[in-house]
Amino acid sequence: MHSPIKAKHKAGSKAAAAAKFADPVAATRLDHDRIIRQHAATITRLKQDVAHLLLENDALNTDKSILLGLHDRNNVAAWESPPRITRGEAVAVLLLSDLHLEEVVKPETVNGLNEFNPRIAEKRLKTVVDRWLKIVAGQYRALSTVDECVVWLGGDLISGYIHDELVESNAMSPIEACVFAERLLEVALRTIVEHGKFKRLTVICSDGNHDRTTHKVRAATRSKNAYSTLVYGHLRGRLSDIKNIAWDIATGQFSYLDILGRKFRFVHGDGVKYAGGVGGFAIPLNKAVEKWDKSIKADFTCLGHLH
């Protein structure tokens, strides 16, 4: 059984179809407009295809020109004169900071991710010095004359007792660690002098925040209250037989040295405060360097601390 509404709709559709065929002029006009729209769409698509083919043709012509140029020996330009390879001058710089020689890290306390103790510390220091000397002898001196070197001892040679857990976990007391540090660094510096074949050695010495003797860092007297200052003074005396060595033991936070016309700044780095922000350490560091440059402009800043 059909409802009255559906019956009425069907009746209206039949009436519209009848009206279309009842006016042949209108029907012809509708067909003509439809054909025009189809042709316009075809023309647009063909224009797009032609534009794409033209681009491909240009690319092929470019590739053809390159390939033809490779085979055209007459287009090969010759050097007017062979290139001159001149030897420049260079200074070798070795940065040794944050050694923490007496600290102990047991694998079982860090899920097996790391291990550290005085024996490993000594092995690592020897490896660094040996490989650095090989790089200087091989890569540096192959291109440049390297008669001078700079060694930076950047502080935190020992971990000290600045944290309560270090009193329990360190392998040595601060005094014992200082004796250990003196022995290792004397061997390292004598190795550099003997095997590095440098005409001059400059040792820059900075104190750190771990090797302090006070509860907190005292900005005005930090070097006077640092175990590292004692170590540096002893080292200078133990190496007094070496004539071509110069010492710069910092009495403040910064040390500056001119190297081949560029000014280098050396600082331990604990003065740069970083609380783990998403921008990374570079943001507070850049602000600190900008502030330091207002007093003394430096081309390069060497620092440790963040490790």
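**Strands and spaces**

A: Start with a hairpin: β5 and β6 form it, with 2 residues between them. In the turn, L260 has a positive phi of about 50°. Strands here are DSSP runs of E, at least two residues, and helices are runs of H or I, at least four, numbered from the N terminus. This is a predicted model, where local features need pLDDT of at least 70, side-chain atom pairs count only at pLDDT 80 or more, and totals for chains, interfaces and linings use all residues. Residues are numbered from 1 along each chain as its sequence is written, and side-chain values use heavy atoms, with hydrogens and water left out.

Q: How many bridges join β5 to β6?
A: There are 6, and the two strands run antiparallel. L257 stands opposite F264 in β6. Two strands count as paired if DSSP finds at least two bridges between them.

Q: In which sense do β6 and β7 pair?
A: Parallel, over 4 bridges; β6 covers residues 262–267. F266 stands opposite C302 in β7.

Q: And what does α7 touch?
A: Helix α7, residues 282–293, packs on the sheet and touches β5, β6 and β7. Contact means heavy atoms within 4.5 Å. The direction of α7 makes about 120° with that of β6. Axes are lines fitted to C-alpha atoms, for helices over the stretch in contact, and angles run from 0 to 180 degrees between N-to-C directions.

Q: What's the strand order in the sheet?
A: β5-β6-β7, an open sheet of 3 strands with mixed pairing. β5 (254–259) and β7 (300–303) are the edge strands, each with a single partner, so one side of each has no neighbour in the sheet. On average, neighbouring strands are turned by 25° against each other, direction ignored.

Q: New topic. How many cavities of 30 Å³ or more turn up?
A: The search of the whole structure finds 1. A 1 Å grid over the protein atoms alone is used: in a cavity a 1.4 Å probe fits but cannot get out, while a pocket is an open set with protein on both sides within 12 Å along at least five of seven lines; lining residues have an atom within 4 Å of a point.

Q: How much space lies in the largest cavity, and what lines it?
A: About 40 Å³. The lining is C149, I192, V193, F198, R200, L201 and N244. Two elements give two or more residues each: α5 (174–196) and β3 (200–205).

Q: How much space lies in the largest pocket?
A: About 410 Å³. Of its 22 lining residues, S97, D98, L99, H100 and H307 are the closest to its centre. β1 (88–96) and α3 (118–143) each give two or more residues to this lining. The largest share, 4 residues, comes from α3.

Q: What about the second largest pocket?
A: It holds about 180 Å³ of space. Its lining includes E122, K126, D130 and R183. Elements giving two or more residues to this lining are α3 and α5.

Conventions:
Points joined across faces, edges and corners; volume = space filled by probe spheres on them.
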